[in-house]
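Please look over the sequence and the model below, and then follow the sections in order.

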Amino acid sequence: MSRKGPFPLSFHKVPHAWEIRPTMALGFSVLLLLGLCGKLASGQPAFDNTPGALNYELPTTEYETQDTFNAGIVGPLYQMVHNFLNVVQPNDFPLDLIRKLIQKKFDISVDSKEPENIVLALKAALYEIGVLICAILGLLFIILMPLVGFLFCMCRCCNKCGGEMHQRQKQNEPCQRKYLGISLFVICLLMSLGIMYGFVANQQTRTRVKRTQKLAESNFRDLETLLTETPKQIDYILEQYTNTKNKAFSDLDGIDSLLGGRIKDQLKSKVTPVLEEIKAMATVIKQTKNALQNMNSSLKSFQDASTQLSTNLTSVRNSIENSLNSSDCASDPASKICDSLRPGLSNLGSNYNSSQLPSVDKELNTINDVDRTDLENLVKRGYTSIDEIPDMIQNQTVDVIKDVKKTLDSISSDVKNMSQSIPIEEVLSQVSHYLNNSNRYFHQEIPKLEEYDSYWWLGGLIVCFLLTLIVTFFFLGLLCGMYGYDKHATPTRRGCVSNTGGIFLMAGVGFSFLFCWILMILVVLTFVVGANVEKLLCEPYENKKLLQVLDTPYLLKEQWQFYLSGMLLNNPDINMTFQQVYRDCKRGRGVYAAFQLENVFNISENFNIEKLSENIVKELENLNVNIDNIELLDNTGRKSLEDFAGSGIDAISYSTYLEEAEKSPTKVDLLTFASSLEAKANQLPEGKLKQALLKDAQNIRAIHQQHIPPVQQSLNTLKQSVRTLEQTSNKLPEKVKKILASLDSAQSFLTNNISSIVIGETKKFGRTIIGYFEHYLQWVLYAITEKMTPCKPMTTAMDSAVNGILCGYVADPLNLFWFGIGKATALLLPAVIIATKLAKYYRRMDSEDVYDDVETVPMKNLENGSNGYHKDHLYGVHNPVMTSPSRY
């Protein structure tokens with residue numbers, strides 16, 4: 001069984017940061033001293049960490065005392081007793097009645113002049129009706145049992161009440177004997193169960209002092225941990241200022257990359273595209289210059305090669321014509337072959353007209369002039385003017401950053417000096433001294449508690465052993481009686497074992513009368529105490545109805561509306577209840593929030609973040625950054641772009657060059673022509689004509705090998721250059737015009753917006769630095785009000801005292817004890833009656849009814865019982881054959 005038991009901040013003006021800490025610490029010290037010593041005088045949201053700011057979290061503390069108290073294997077027994085009490089006392093906790101009784105200071109003396117007292121007494125009696133009835137029954141048992149025992153003893157001494165040692169013959173004797181034996185056995189089993197409960201409860205009392213000591217020491221250690229961790233938490237809060245300052249120093253040292261980098265990034269997003277376009281145009285200019293140079297060079301090479309080709313082909317053609325005009329071609333068959341060669345000679349010549357391919361010297365000279373301005377270098381200057389912004393800001397803010405650091409260092413120095421002057425250690429020392437004294441007193445009293453507890457344990461053991469003795473007599477009586485009983489033996493001839501069983505039963509009856517009333521006195525006393533402790537303290541504490549009673553306005557003190565705030569804060573009008581404090585402490589809130597210490601020292605009103613950061617703000621206001629007007633491209637660069645656009649490369653007839661370049665170098669394929677000439681020459685007869693034509697064929701092949709490849713190479717280079725220039729010059733003026741428009745737009749953006757960008761980013765940088773300290777101070781507020789010094793160990797100690805020690809270690813074993821002993825004692829009444837009747841069937845009688853000879857009177861045998869003696873009413877014999885004084 002177990003007994004269970006976004007963040008709004010308002011900131012107002014206060015002095016400087018170093019003035020807050022002593023006051024805060026002093027208020028907190030008073031809280032600790034009074035909260036832990038009982039002299040206190042003065043849902044939890046998670047703190048949201050601002051992005052980019054430092055994250056703070058107070059070190060967590062682990063406490064060893066558990067919130068719940070587990071009874072272990074005896075828990076079901078305790079629950080059984082609780083269920084019994086719920087049946088005996090089913091009424092709800094009387095809140096109104098308890099309140100009125102407290103207001104009356106528990107004075108409910110019946111007075112006819114005060115009918116309210118009579119009503120209260122009746123309500124109290126009505127609430128306690130179940131307990132009262134059980135107590136009255138117990139009192140009747142206490143009174144009547146000794147009296148009945150005395151009368152019973154006197155009666156038996158007079159041979160009455162079964163004292164006569166003569167057993168009458170009865171027809172249903174076997175059935176009655178078995179019924180009585182079984183009934184007594186069942187009752188003894190139930191009594192044994194109750195006695196076992198008593199032993200278990202008594203054994204629990206044997207260890208409760210050690211368990212109480214262990215639980216108390218655990219709570220003492222938790223409270224000492226609370227005191228030990230509090231200075232560490234305060235030191236941690238102070239250390240976080242150093243971390244915050246270091247973070248600010250790091251940002252200030254990196255102002256070139258943080259502030260300058262942000263300004264640079266904003267400008268580059270507007271400037272980089274146009275500079276990239278201009279840079280690309282500078283590359284185009286170089287490519288155009290190279291293309292024009294290649295084109296011009298190719299044209300010259302082509303013209304030279306073409307002229308040489310044309311000259312050589314003319315020379316070969318003239319040679320062939322001379323050979324064909326010789327006399328060797330006049331006679332057949334040479335004449336026919338010569339006639340076939342004459343028509344093709346006109347095709348033996350160059351296929352180019354160099355006059356159709358003019359040079360591009362003019363355009364090349366213009367591009368050379370444009371390229372001399374080195375536009376790419378001018379673009380680099382524009383990039384450099386942007387990239388130099390971080391260094392420019394770093395140089396301009398050196399003095400301001402030194403002043404800001406100086407201010408932060410001065411605050412840090414003040415915080416350190418202030419932390420040394422906090423009186424928290426003295427107060428905590430006093431609280432620790434109180435705890436040590438309490439702990440020492442507790443350990444001094446432990447031997448006395450152990451001594452008293454040993455007396456209680458010894459007394460409980462004696463009670464349990466008395467009941468055990470009585471039950472043992474009954475069990476021995478049943479065992480001996482049933483084992484030694486002989487159904488054929490007459491009452492005067494019963495065996496020794498059977499007679500011993502009857503004696504044991506009567507011994508049990510005698511001890512029962514002797515001790516049962518004493519046992520019942522103990523049961524009634526423990527029942528009244530234990531039941532009321534459970535119903536009036538343990539249960540209402542567990543369901544917190546007891547705290548509702550304590551929270552009643554004007555209850556504990558007539559002038560105080562709220563007792564707790566009046567006792568702790570000296571202001572009974574503050575709405576602070578036991579339930580609220582218990583709930584907040586159970587949730588792990590700090591003492592400041594749980595005990596509403598803002599009514600003594602309002603941190604929100606005195607912790608002014610704006611005031612604390614005022615000095616930093618003043619220094620950061622001097623953070624002025626001036627960036628001169630940035631010129632992306634000067635007039636020279638602009639004129640270069642304009643000259644490039646007007647260079648005339650877009651007016652060149654590139655198609656003419658391409659058409660000329662696509663032509664074949666010669667009108668006829670020289671190799672084919674040479675082969676044809678050689679074939680026809682071979683048909684001629686041997687002679688000068690044949691040799692001349694064959695030589696001309698070889699010359700044509702030589703001309704092809706020497707002049708055609710250079711011409712084709714020049715043409716290929718020309719075609720490549722022409723295509724490059726054609727692509728570059730396509731809509732060149734429009735492209736340059738667009739670039740200049742983008743340049744003007746970017747330059748206008750810089751001229752008009754650079755100042756606002758610098759101011760905005762500078763303010764943002766300043767707010768970031770301020771934000772670190774504002775975030776730190778907000779966290780300090782949150783840590784002090786919600787997290788620092790959680791009062792959970794206090795509620796745990798209270799739960800340990802009530803749920804653990806009072807209810808778990810005292811009330812529950814006490815209730816289980818009276819429940820078990822009371823059950824066994826109450827069952828003694830039927831056990832005595834049954835044992836008295838049953839003993840008659842086991843004991844050896846002094847006289848018996850008249851018997852006939854069973855062997856000579858066989859018919860009478862049929863009328864006899866199992867033991868063969870006659871029934872009184874059959875023979876009319878009322879008196880036994882022999883009599884003797886009765887034995888108890």
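Does Cys496 count as buried or exposed? With a relative accessibility of 55%, Cys496 counts as exposed, and it is taken up again below among the cysteines.

## Overall picture

The model is predicted. Its protein chain has 888 residues, of which 47% count as buried, and its secondary structure comes to 30 helices and two strands. The chain exposes about 43,900 Å², and carbon and sulfur atoms supply 55% of that area.

## Cysteines and disulfides

The count of disulfides comes to two. One of them joins Cys538 to Cys807, with an S to S distance of 1.9 Å, and it is left-handed, with -105 degrees about the S-S bond. This link connects distant parts of the chain, since Cys538 lies in helix H14 (residues 496–542) and Cys807 in helix H27 (residues 792–826), 269 residues apart. Cys538 counts as buried at 0% relative accessibility, and Cys807 counts as buried at 0% as well.

The other disulfide joins Cys585 to Cys791, with an S to S distance of 2.0 Å; the torsion about its S-S bond is about -100 degrees, so this disulfide is left-handed. It too links distant parts of the chain, with Cys585 in helix H17 (residues 578–586) and Cys791 in the loop between helix H26 (732–787) and H27, 206 residues apart. Cys585 is buried, with a relative accessible area of 1%, and Cys791 is buried at 0%.

For Cys496, the closest cysteine sulfur is that of Cys480, and the 9.1 Å between the two sulfurs is too far for a bond, because a disulfide requires sulfur atoms within 2.5 Å.

## Aromatic rings

The structure holds 18 aromatic pairs. In one of them, the ring centres of Phe185 and Phe475 are 5.9 Å apart and the planes stand at 75 degrees, so the pair is edge-to-face. Phe185 belongs to helix H6 (residues 173–253) and Phe475 to helix H13 (residues 424–484), so that the pair links parts of the chain 290 residues apart.

Trp560 and Tyr563 form a tilted pair, with ring centres 5.6 Å apart and planes at 45 degrees. Trp560 counts as buried at 19% relative accessibility, whereas Tyr563 is partly exposed at 26%.

## Charges over rings

Lys405 lies over the face of Phe249, at 5.5 Å from the ring centre, and Lys544 lies over the face of Tyr541, at 5.4 Å from the ring centre.

Definitions and conventions:
Residues are numbered from 1 along each chain as its sequence is written. This is a predicted model: local features need pLDDT of at least 70, side-chain atom pairs count only at pLDDT 80 or more; totals for chains, interfaces and linings use all residues. Side-chain values use heavy atoms; hydrogens and water are left out. Rings of Phe, Tyr and Trp (its six-membered ring) pair if their centres lie within 6.5 Å; planes under 30 degrees apart count as stacked, over 60 as edge-to-face and the rest as tilted. Helices (H or I, at least four residues) and strands (E, at least two) are DSSP runs, numbered from the N terminus. Buried means under 20% relative accessible area, exposed over 50%, partly exposed in between (1.4 Å probe, protein chains only). A charge sits over a ring if NZ of Lys or CZ of Arg is within 6 Å of the ring centre and within 35 degrees of the ring normal. Accessible areas come from the Shrake-Rupley method with a 1.4 Å probe; for residues, only the protein chains shown count as cover.
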